[in-house]
Amino acid sequence: MFGLIFPASYKYFFGRGTLTKKITEKKILIVGIGAIGSMVATTLVRGGCKNLDLADFDVKEPENFCRSEYFFNLGMNDKVDELMRIVTAISPFVEIATTNKDYFQNIIKSFYDDIEYRKIFVSELDKYDIIFDCTTDDDLMYILDNLSLESTLINFSITNKAKELVCGIYPNI
C-alpha cells in the first residue's frame, strides 16, 4: 500500500542503506531459517537483496523462535510461509521462492553417496550465487562442503544455549 501512495523506485526506496550489488544482484539460498537464518534473510532484504530462496522443514513453535524474526502473536506456522510474508512486507522489490521441505533434511542426506545424485545436487545448488547454511546441522555442513560447489557457501550457526556464534566459509568449513 505504501508504494501505491508514495511510489518509490528501488534506488529511492533503499537510498544509502543498500548493500553492494555484489550481494543485492545475486541469487541467494538460505537453508535453515530459525534464529540465524531468519535474521540473515531480513537483513539481506533490508539491504536491498532482490532474489532469495528459503529452505526449512520446521514449524515455528514457542520453544524454537525466541531469537528469530518471527512473531509470537501469529501462532504456529510453517517457518518458510511466515518468513516469506515478513520479508515481502519489508520490501516490495524482493522475489522469494521456496525449496522442497525435505530437500536438505532428507533427500541430500539420503542420496549423498550416490554419484549420479551428487551431480544433480551440484547442478541444482550451483544455480545460486550464495548459499547460507544456517541449520546447525553438522552432517549437512559436511555434505555441502564436500559437494565442490561453484556457489559461495557460508555457514552460520549458534552453539547450544547460544554461547557462541560460529561462521565458516567454503572451502573446508
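**Figure 1. Helix α5 lies across β2 and β5 in this predicted model.** Helix α5 covers residues 79-90 and runs at about 175 degrees to β5. Angles here run from 0 to 180 degrees between N-to-C directions, with axes fitted as lines to C-alpha atoms, for helices over the stretch in contact. Contact means heavy atoms within 4.5 Å. Helices (H or I, at least four residues) and strands (E, at least two) are DSSP runs, numbered from the N terminus. As the model is a prediction, local features need pLDDT of at least 70 and side-chain atom pairs count only at pLDDT 80 or more, while totals for chains, interfaces and linings use all residues. Residues are numbered from 1 along each chain as its sequence is written, and side-chain values use heavy atoms, with hydrogens and water left out.

**Figure 2. Six strands make up an open, mixed sheet.** Follow the strands across in the order β5-β2-β1-β6-β7-β8. At the edges stand β5 (95-98) and β8 (165-169); each has a single partner strand, so one side of each is left without a neighbour in the sheet. On average, neighbouring strands are turned by 20 degrees against each other, direction ignored. Two strands pair if DSSP finds at least two bridges between them. Strands β1 (residues 27-31) and β2 (residues 51-55) pair in the parallel sense over five bridges, and here Lys27 stands opposite Asn51 in β2. Strands of a sheet pair through backbone hydrogen bonds, either parallel or antiparallel.

**Figure 3. The largest nonpolar core has 24 residues.** A nonpolar core is a set of buried Ala, Val, Leu, Ile, Met, Phe, Trp, Tyr and Cys residues joined through side-chain atoms within 4.5 Å. Buried means under 20% relative accessible area, exposed over 50%, and partly exposed in between (1.4 Å probe, protein chains only). Ile28, Ile30, Val40, Leu44, Leu54, Leu83 and Phe132 touch the most other members. Two or more residues come from each of β1, α4, β2, α5, β6 and β7. A second, separate core holds 17 residues, including Val31, Tyr103, Ile108 and Leu147. In soluble globular proteins, nonpolar side chains tend to be buried together.

**Figure 4. Phe93 pairs with the rings of Tyr10 and of Phe13.** Rings of Phe, Tyr and Trp (its six-membered ring) pair if their centres lie within 6.5 Å; planes under 30 degrees apart count as stacked, over 60 as edge-to-face and the rest as tilted. This rule gives 10 aromatic pairs. Tyr10 and Phe93 have ring centres 5.6 Å apart and planes at 90 degrees, so their pair is edge-to-face. Tyr10 lies in helix α2 (residues 10-14) and Phe93 in the loop between α5 and β5, so the pair ties together parts 83 residues apart in sequence. Phe13 and Phe93 are also edge-to-face, 5.5 Å centre to centre with 65 degrees between the planes; Phe13 is in helix α2, 80 residues from Phe93. Phe93 is partly exposed, with a relative accessible area of 26%, and Phe13 is partly exposed at 31%. Elsewhere, ring pairs link Tyr103, Phe104, Phe111, Tyr117 and Phe121 into a cluster.

**Figure 5. The charged end of Lys50 sits over the ring of Tyr10.** The charged end is 4.2 Å from the ring centre. A charge sits over a ring if NZ of Lys or CZ of Arg is within 6 Å of the ring centre and within 35 degrees of the ring normal. Lys50 belongs to the loop between α4 and β2 and is partly exposed, with a relative accessible area of 26%. Leaving aside residues up to four places away in sequence, Lys50 touches Tyr10, Thr24, Glu25, Phe93, Val94 and Glu95.

**Figure 6. Thr136 and Ser148 have positive phi values.** Phi is near 60 degrees in Thr136 and near 55 degrees in Ser148. Most residues other than glycine have a negative phi. Thr136 is in the loop between β6 and α8 (138-146) and is partly exposed, with a relative accessible area of 48%. Ser148 is in the loop between α8 and β7. Ser157 in strand β7 is buried at 12% relative accessibility, and its contacts include Thr136.
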